[in-house]
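The following report describes the architecture, the core and the ligand surroundings of the protein shown here.

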Amino acid sequence: MKALLVYYSKFGNTRKVAEAIAEAMKEAGEVRTINLEQLAAADFEGGDLVVVGTPTHAFSMPQAVRTALAALPPGILAGKSVAAFDTTVRPWPLRHLRASPKLLRQLRRLGGRPVVAPQTFFVQTKNPQRSGEIDLLLEGELERARQWVGDILDKSKALVKA
Ligand SMILES: Cc1cc2nc3c(=O)[nH]c(=O)nc-3n(C[C@H](O)[C@H](O)[C@H](O)COP(=O)(O)O)c2cc1C
């Protein structure tokens, strides 16, 4: 298996989740982790599985993520398994107020085959003053991210067999 882990992160939490996922995936094959801002279409060549993570901004994807996805050629994810996650502040309970379902739709539009439901990892916001808002991942979320990898790998294998 060859996987690509793509993330966008403003304060570093989504990056930490992406790195935990990538680390757990290394047991199953080759994994590259790329910041979405450095992503080029050529990075997708030869990959079987693409996982993309983003923070939720304004109940959806940050503009930088929309712009980067819109710049990718149509069909670039054809034949690849895809999964999407977001990081979101805990008290927002509603699925449609998170970025990952929208992100997964975009990955499907680019030709990807979703293997698992969109996933959310939670942060709490500290110091919500105007300057320097800091978010912290809730305890146990990195462990939950590692467990999610098991699910992704099982489901992608099932797709390959089918
Ligand atoms: C401009 C902006 C808008 C945000 N909007 C939301 C939101 O609508 N819902 C939410 O749960 N969190 C929202 N947040 C909090 C982010 O989800 C949080 O900063 C993010 O998960 C942290 O990830 P990061 O450290 O990778 O940037 C917002 C944060 C910023 C900076």
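## Strand pairing and fold

Strand S1 and strand S2 (residues 30-35) run parallel and are joined by six bridges, where two strands pair if DSSP finds at least two bridges between them. Helices (H or I, at least four residues) and strands (E, at least two) are DSSP runs, numbered from the N terminus. The model is a predicted one, in which local features need pLDDT of at least 70 and side-chain atom pairs count only at pLDDT 80 or more, while totals for chains, interfaces and linings use all residues. Residues are numbered from 1 along each chain as its sequence is written.

| Partner of S1 | Sense | Bridges |
|---|---|---|
| S2 | parallel | six bridges |

Together S1, H1 and S2 make a right-handed β-α-β unit, meaning that, with the strands pointing away from the viewer, the path from the first strand over the helix to the second runs clockwise. The protein as a whole has four helices and seven strands, and from the N terminus on its elements run β-α-β-β-α-β-α-β-β-β-α. Among contacts (C-beta atoms, placed from the backbone, within 7 Å) between residues at least 6 apart in sequence, 74% join residues at least 24 apart.

## Burial and the nonpolar core

A residue is taken as buried if 20 or more other C-beta atoms lie within 10 Å of its own, as exposed if 12 or fewer do, and as partly exposed in between, with C-beta atoms placed from the backbone. By this criterion 38% of the 162 residues of the protein are buried, and S1 is mostly covered, with five of its six residues buried.

A nonpolar core is a set of buried Ala, Val, Leu, Ile, Met, Phe, Trp, Tyr and Cys residues joined through C-beta atoms within 7 Å. The largest such core has 42 residues, of which Leu5, Ile21, Val50, Val51 and Ala84 touch the most other members. The elements that give two or more residues to this core include S1 (2-7), S3 (49-55), H2 (63-70) and H4 (141-161), while H1 gives the most, with seven residues. Leaving aside residues up to four places away in sequence, Val51 touches Ala3, Leu5, Ile21, Ala83 and Ile152.

Ser60 lies in the loop between S3 and H2, and it counts as partly exposed because it has 18 C-beta neighbours inside 10 Å. Not counting residues up to four places away in sequence, Ser60 touches Ala99 and Lys102, which are both among the buried residues of H3, together with Ser100, Leu103, Leu104 and Leu107. Ser60 and Pro101 are 41 residues apart in sequence, and their C-alpha atoms are 8.8 Å apart in space. Just after H3, Gly111 takes a positive phi of about 105°.

## Surroundings of the ligand

The ligand is surrounded by 17 residues, the closest being Ser9, Phe11, Asn13, Thr14 and Thr87; a residue is near the ligand if its C-beta atom, placed from the backbone, lies within 6 Å of it. H1 (13-25) and S4 (81-89) each supply at least two residues of this shell, and S4 gives the most, with three residues.

Terms used: Contact = placed C-beta atoms within 7 Å.
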